[in-house]
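Here's a quick briefing to read with the model open. Have a look at the fold first, then work through the notes below.

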Amino acid sequence: MMGSQGSAQEQLFYSFSLDDHVPRDHLLRGIDRFLDLGELRQHLAPYYSHTGRPSIDPELMVRMLIVGYCMGIRSERRLCEEVHLNLAYRWFCRLDLDDRVPDHSTFSKNRHGRFRQSDALRFVFEAVLRRCMGEGLVQGEGFAIDASVIKADANRARGVPGSEVANWRNGQDCSRAVREYLDGLEAANPVTEGSDDRPAEPRETRKTISLTDPAARWTAAPAGPAFFAYSTNYLIDLSVGIIVDVEATPAFRTDEVESTRTMLNRVEQRFNLKPHRLVGDMAYGAAPMLGWLVHDKHIEPHVPVWDKTARTDGSLSIRDFQWQADRNEYICPAGHPLRSEWRQFANPRTHITNADTVIYRASQKSCSGCAHKENCCPNTGHRKIARSVYEDARDVARTVCTTPAYAQSRRDRKKVEMLFAHLKRILKLDRLRLRGISGAHDEFLLAATAQNLRRMAKKCWTVPEAIPV
Ligand code: SF4
């Protein structure tokens, strides 16, 4: 017999447990198991007033943001609707059925106020990382570094020449992102107290700059159209791919590479973690970076060396010259020395150029009568070789590149690339929603926190057995 639903009369009382209606294997159950925000209230306490109306619980806001970033819900307005309707999201946020969901504007107010002042999102990221370490997911033996370009929330058509930046302050109501950017520029050009200098004017050397988000960098993928973007820089532990640090930078290679120092130093200071090896692509193989890794940090660089000295026209390259470290000279294929100084100076000189190189020269006499001259230095009187002051660190990296451990490191590096693919495809962070470097910082920190929580739930959480009724 066909059944019917019955009357639509409303029931007066319900016995309802949210916990019973969240599937046992729901991802948020696994994440909740490892998320402890108990210390967040304590961390934020100095930023709240002791009087007035009670605020929205910061733990509730952070839990809602984690739902958003874990589930790829990019809009805060939509996030509020989803938390209102979805029982699992309500359960994760510790909201009962009749509890009110905060308004989406609450997130913006807190982000620009307490959260940024207290660096609350980094506090949450580090709390999750600490838990990952407690679960044994971070070994600290090898780290990998990489950057991924994420589009900024800035229209391509709203780009202007960088020379116009100096006039921006004249407009009184410039946006928060513009103010933040101008403040940064002024901080980089400080005025010495008591000097007669005019106040520093923002100086911008870039050709194209966004009116809506000036800190974003005009960049382009190969064969693609240019756009404004930031880079998210990940430092990951290679054992299971936990992100140990994240840094937002403009999408510019120099900034990306420099973030390596910031992140390695911060992880060492905060968690006493220093890897034995660092894996990266050729962008991280510039001489100063290799010198810093090898000499200052004593970290083995599993990085291809950035080397443009090889000649492609068949003439003699640097590698055809033999380096004699004890004599501080090269020996050319004809057996003659190339030296940085051919005579003693009364005051010793370092011979280091602005490019951090030392120039080694053959003698004019030996080159002029040499059989190799046409193949060695056809357009100059004698051969010169510029040797980087970090050349011994580059040699260490070159030696590492020939080992089986390096071949393994190449395979390990895919872990960081997969995290970026996951970030863009699953978490849908292929374009930023917030503006300014602070906005990028907030979004990247939350996304990395979500990725670590998802990874921890996947590795350490087992779905509980159903209790027989
Ligand atoms: S040209 Fe000069 S540097 Fe080159 S092989 Fe001959 S002697 Fe050596």
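**Helix H7 and its surroundings**

The buried residues of H7 pack against helix H2 (40-44), helix H3 (58-70), helix H6 (105-118), strand S6 (243-250) and helix H16 (436-460), where contact means C-beta atoms, placed from the backbone, within 7 Å. This is a predicted model, so to speak of local features takes pLDDT of at least 70 and side-chain atom pairs count only at pLDDT 80 or more, while totals for chains, interfaces and linings use all residues. Residues are numbered from 1 along each chain as its sequence is written.

**More on H7**

- Helices (H or I, at least four residues) and strands (E, at least two) are DSSP runs, numbered from the N terminus.
- The buried set in H7 is Ala120, Leu121, Val124, Phe125, Val128, Leu129 and Cys132; buried means 20 or more other C-beta atoms within 10 Å of the residue's own, with C-beta atoms placed from the backbone.
- An α-helix has 3.6 residues a turn, so residues three or four places apart point the same way.
- With 15 residues at 1.5 Å each, H7 (residues 120-134) should span 21 Å, and its end C-alpha atoms agree, being 21 Å apart; the expected span is 1.5 Å times one less than the number of residues.

**Strand S1**

- S1 (residues 142-151) is mostly covered, with 8 of its 10 residues buried.
- S1 runs antiparallel to S5 (residues 226-237), joined by 9 bridges, and Ile150 has Tyr230 of S5 as its bridge partner.
- S1 also runs parallel to S7 (residues 277-279) through 3 bridges, with Ala144 partnered by Val279.

How values were computed: Buried ≥ 20, exposed ≤ 12 C-beta atoms within 10 Å, placed from the backbone. Pairing = 2+ DSSP bridges. Contact = placed C-beta atoms within 7 Å.
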